[in-house]
Amino acid sequence: MGNYFIKLGYFFMQRYHDQRNRFLKKLGEDAALLFSAPEHHRNGDAEYPYRQSSDLIYLTGWIQPQAVVLLRPGAKEPFIMFVQPKEPSREIWTGIRPGPEGAVEIYGADAAYPISELKKRIPALLQGYTGLHYDFGENEEHDSLVRKAIATARKLGKDNGMDVPNRICSLAHTLHELRLIKSEDEIEVIKKAASITKDAHCAAMKATKPGVYEYELEAELLYHFRKNGGSGPGYTPIVGGGANAVILHYIENDSPLQDGDLVCIDAGCEYEWYTADVTRTWPVNGTFTPAQKELYAAVLTAQEKSIQASIVGNSFMDIHYATVRSLTQSMIRLGFLEGDVEELIEEKAYKEWYMHGTSHWLGMDVHDVGSYASKGSSMPLDAGMVLTIEPGLYIAADDERVPIQYRGMGIRIEDDILITEDGPVILTEEIPKSIEDIESYMKGQV
Ligand SMILES: [Mn+2]
């Protein structure tokens, strides 16, 4: 059935099987309903490349559009799929469809039907379940279908005396709690994404010199992502030279790099649906100026403090507080701020030059699912969580509150961290980061 399905060997599918079974257990006596991601029109007759929803991939491995997954713990057929039927005349244009047959034979569904039968079949299939796990409010068409299905199920229930869903739960406390803790298999895939990201950042570093355009460095990144078997970037790469790095989500990437400036690159490779998320900042001409060194060292020290705080027993916010404290101390030392550290932290004075959070969960989505709080406080860190640590300093060219030598610089340093019982593991550690390592790497001495 085409190369893709040859690649889907037993072990590849086993991961999805295991993940689905863990979710089925977590559902208890409730059912769950998940829809595939929508397809997006680009322009004219062109579509954006299709990317399945991470939830659906996590549970099934299914990557084609127009699919629905219904999970019914305890049922004779607990794993049901609704998918595009096989249709050779369409497949010539848009690629092989596994069809309902493939959903059963390859993906392990207990039953599968054409997507056109969803409305008709789903009311009866929801019977017997009082709770339905479904992310309400994300898609009106899906919401309306679910509302009508429950209403129809209720009518049927009057006749046959069976339970119908009277409770809708979000997937946050079931599926997303599972996705927050990565298995060994998932960590291996993230390591591969990190390793390709390393090659790409190193190539961009080597290609950097005054006069090179930001998009040329972007091209290096994209080339290495694909060349090494990644699907591409897990999010739009940011390549910002000089003051462009002060714009947090700068993606135009169309300016020439200037001698004496820094360039900041935020880019991560997606591999088998997991993405890395890495930022490095380096001097365009290969050598940091004294002022750049001071500012860079401030960000690097903050990151080191936050990495040290990434231990089981600490909470997610402890990582942020470590950066905030370290950056505030540096801002006083470098003459941005005056006063008492504690008071300045309390006033959030650092927000003028450090306006974003320090971390987010990382996985299939670059800002991965998983709650940031538990029982009213910040989420305690646990083994198997993967997160980024990305402190930065952003100083506009005309910011007169800051000594003149620091103006017009944006610096961010971001690594991917795995939390373990034995302390933090930096998955992206091999990408040059210290001032010495970056300078010698760019001079070709490493
Ligand atoms: Mn990030």
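Visitor: Which residue in β13 is the bridge partner of Y271?
Guide: Y274. This is a predicted model, in which local features need pLDDT of at least 70, side-chain atom pairs count only at pLDDT 80 or more, and totals for chains, interfaces and linings use all residues. Residues are numbered from 1 along each chain as its sequence is written.

Visitor: What makes β12 and β13 a strand pair?
Guide: Pairing requires DSSP to find at least two bridges between two strands. β12 (residues 269-271) and β13 have two, and they run antiparallel. So they pair. Strands here are DSSP runs of E, at least two residues; helices are runs of H or I, at least four; both are numbered from the N terminus.

Visitor: What is the strand order of the open sheet?
Guide: The order is β9-β12-β13, three strands with antiparallel pairing.

Visitor: Why are β9 and β13 said to stand at the edges?
Guide: Each has a single partner strand, so one side of β9 (232-233) and one side of β13 (274-275) lack a neighbour in the sheet.

Visitor: Which helix lies across β12 and β13?
Guide: α9 (residues 184-207), at about 145 degrees to β12. Such angles run from 0 to 180 degrees between N-to-C directions, with axes fitted to C-alpha atoms, for helices over the stretch in contact.

Visitor: Why is α11 called roughly antiparallel to α12?
Guide: The axes of α11 (residues 290-308) and α12 (residues 316-333) cross at roughly 150 degrees and come within 8 Å. Over 145 counts as roughly antiparallel; under 35 is roughly parallel, 65 to 115 roughly perpendicular, the rest oblique. Therefore α11 is roughly antiparallel to α12.

Visitor: Which residues of α11 and α12 meet?
Guide: A298, T301, A302, K305 and S306 in α11 meet I319, A322, T323, S326, L327 and S330 in α12. They divide into five nonpolar, five polar and one charged. Nonpolar covers Ala, Val, Leu, Ile, Met, Phe, Trp, Tyr, Cys and Pro; charged covers Asp, Glu, Lys and Arg; the others, Gly among them, are polar.

Visitor: How many residues of domain 1 are in contact with domain 2?
Guide: Seven, against eight of domain 2. Contact requires C-beta atoms, placed from the backbone, to lie within 7 Å. On the domain 1 side, α3 (54-60) and α8 (175-180) each supply at least two residues. α3 gives the most, three. That side has four nonpolar, two polar and one charged residue.

Visitor: Where do the domain bounds fall?
Guide: Domain 1 is 3-178 and domain 2 is 181-442. The bounds come from an automatic or database domain assignment. The C-alpha centres of the two domains lie 36 Å apart.

Definitions and conventions
Contact = placed C-beta atoms within 7 Å.
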